[in-house]
Amino acid sequence: MIRRALAFAVLWSICTQGEMSSWVIGGPTVGAATLASVVLLPQRVWHWRLRGLVRFVPYFLVRSVLGSVDVARRALHPRLPLAPLLVEYPLRLQDDLARVFLVNTVSLLPGTLSAELHAEHLTVHALDGGVAGVSAELEVLEKLVAALFGTPLVDSFVKTEAARA
Amino acid sequence: MTVTEWCSLALTTAGAFFFFAGTVGVLRFPDVYTRLHALTKADGLGLGLIVLGLIVRTQGWTEVCQLALIWILVMVSSATACHLVARAALGTGVRLWRRPG
């Protein structure tokens, strides 16, 4: 809890460029944010693997630039090239925080947008690319997120086998 | 104008272009889902480029941290908001647009 309060305090002092008089508002805000984070996420603290991060960050930056260029191209194209579809992607990622992280990165990456997170799968809306293309892209991303959080991927097929045994 | 000023101008102009494209997308795309794509992606890069363009001109590291932080917080909130809007649309049965014919 002290670590979280400290992190929020650092954020505040960056935002206000260390202005001392701002702490009249900053103090209560940091307190409220800490309280909210403890209530919403009582157990764990963010934990990323360095090796996963080194692989994830360049992938994310390059892909999100390409994604933005792609959307801009489609928006400005006279014929509006779109072939939207919904893809049901079976999740192999088990960890809750890693799943939420995946949902958010999917929304920022080329042509895909997380619509709904279910217990065993993720509904993704895509601008184009077909089911196979979108699923392949998601598979790469899921692997990177798993490496980032240091959490295993479990095939739903394997899981049902294990449940039966 | 100095080299840094030119760099800054080029980056912020490119950023403004992506904001423009994102706005055109919101106006032209056919349904709520495709419009969300235009908002989250094009505007995200637009803001990133403007932030980079301003970072080039900063005086100290606190300003750099501040600008980078603004970009990260906007990215996180736009991804979350985008997911929530899409989920609400899907939940209330908004059908997705498909090319007619």
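Q: What makes A:Leu80 count as buried rather than exposed?
A: In this predicted model, A:Leu80 has a relative accessible area of 14%. Buried means under 20%, so A:Leu80 is called buried.

Q: How do you know how confident the predictor is about chain A?
A: Look at pLDDT: the mean for chain A is 85, and 92% of its residues reach 70 or more. Confidence is lowest in helix 6 (residues 156-164) of chain A, with a mean of 52, and highest in helix 2 (residues 23-40) of chain A, at 91.

Q: Why is A:Leu35 called exposed?
A: The relative accessible area of A:Leu35 is 54%. The cut-off for exposed is over 50%, so A:Leu35 gets that label. A:Leu35 is part of helix 2 of chain A.

Q: What puts A:Phe8 in the partly exposed class?
A: A:Phe8 has a relative accessible area of 27%. Buried stops under 20% and exposed starts over 50%, so A:Phe8 is partly exposed. A:Phe8 belongs to helix 1 of chain A, and its C-alpha lies 7.3 Å from that of A:Thr34, 26 residues away in sequence.

Q: What makes A:Arg63 and A:Glu137 a salt bridge?
A: Their closest N and O atoms are 3.2 Å apart, and the cut-off is within 4 Å, so the pair qualifies. A:Arg63 lies in helix 3 (residues 50-76) and A:Glu137 in helix 5 (residues 130-149) of chain A, so this bridge ties together parts 74 residues apart in sequence. As for accessibility, A:Arg63 is partly exposed at 25%, and A:Glu137 is partly exposed at 23%. Over all chains, the structure holds seven salt bridges.

Q: How do you know that A:Arg73 and A:Asp70 are about one turn of the helix apart?
A: Both lie in helix 3 of chain A, three residues apart. An α-helix has 3.6 residues a turn, so residues three or four places apart point the same way. The side chains of A:Arg73 and A:Asp70 meet in a salt bridge, 3.5 Å from N to O.

Q: Why do A:Arg73 and A:Asp70 get their accessibility labels?
A: A:Arg73 has 42% relative accessibility, which falls between the 20% and 50% cut-offs, so A:Arg73 is partly exposed. A:Asp70 is at 18%, under 20%, so A:Asp70 is buried.

Q: What makes A:Arg74 and A:Asp128 a salt bridge?
A: The closest N and O atoms of A:Arg74 and A:Asp128 are 3.0 Å apart, and within 4 Å is what's needed. A:Arg74 is in helix 3 of chain A and A:Asp128 in the loop between strand 3 (121-126) and helix 5 of chain A, so the pair ties together parts 54 residues apart in sequence. A:Arg74 is buried at 8%, whereas A:Asp128 is partly exposed at 34%. Salt bridges that share partners join A:Asp70, A:Arg73, A:Arg74 and A:Asp128 into one network.

Q: What makes up the lining of the second largest pocket?
A: By class, the lining has 10 nonpolar, five polar and one charged residues. The space in the second largest pocket is about 240 Å³. Of its 16 lining residues, the closest to the centre are A:Leu61, B:Gly44, B:Leu45, B:Gly48 and B:Trp71. Helix 2 of chain B gives the most to the lining, with nine residues.

Q: Why is helix 2 of chain B described as mostly covered?
A: Of the 24 residues of helix 2 of chain B, 17 are buried.

Terms used:
Residues are numbered from 1 along each chain as its sequence is written. Chains are lettered from A and ligands numbered from 1 in the order in which they are written. This is a predicted model: local features need pLDDT of at least 70, side-chain atom pairs count only at pLDDT 80 or more; totals for chains, interfaces and linings use all residues. Side-chain values use heavy atoms; hydrogens and water are left out. pLDDT is the predictor's confidence in each residue, from 0 to 100. Helices (H or I, at least four residues) and strands (E, at least two) are DSSP runs, numbered from the N terminus. Buried means under 20% relative accessible area, exposed over 50%, partly exposed in between (1.4 Å probe, protein chains only). On a 1 Å grid over the protein atoms alone, a cavity is a set of points where a 1.4 Å probe fits but cannot get out, and a pocket is an open set with protein on both sides within 12 Å along at least five of seven lines; lining residues have an atom within 4 Å of a point. Grid points are joined across faces, edges and corners, and a volume is the space filled by probe spheres set on the points. Ala, Val, Leu, Ile, Met, Phe, Trp, Tyr, Cys and Pro count as nonpolar, Asp, Glu, Lys and Arg as charged, and the others, Gly among them, as polar.
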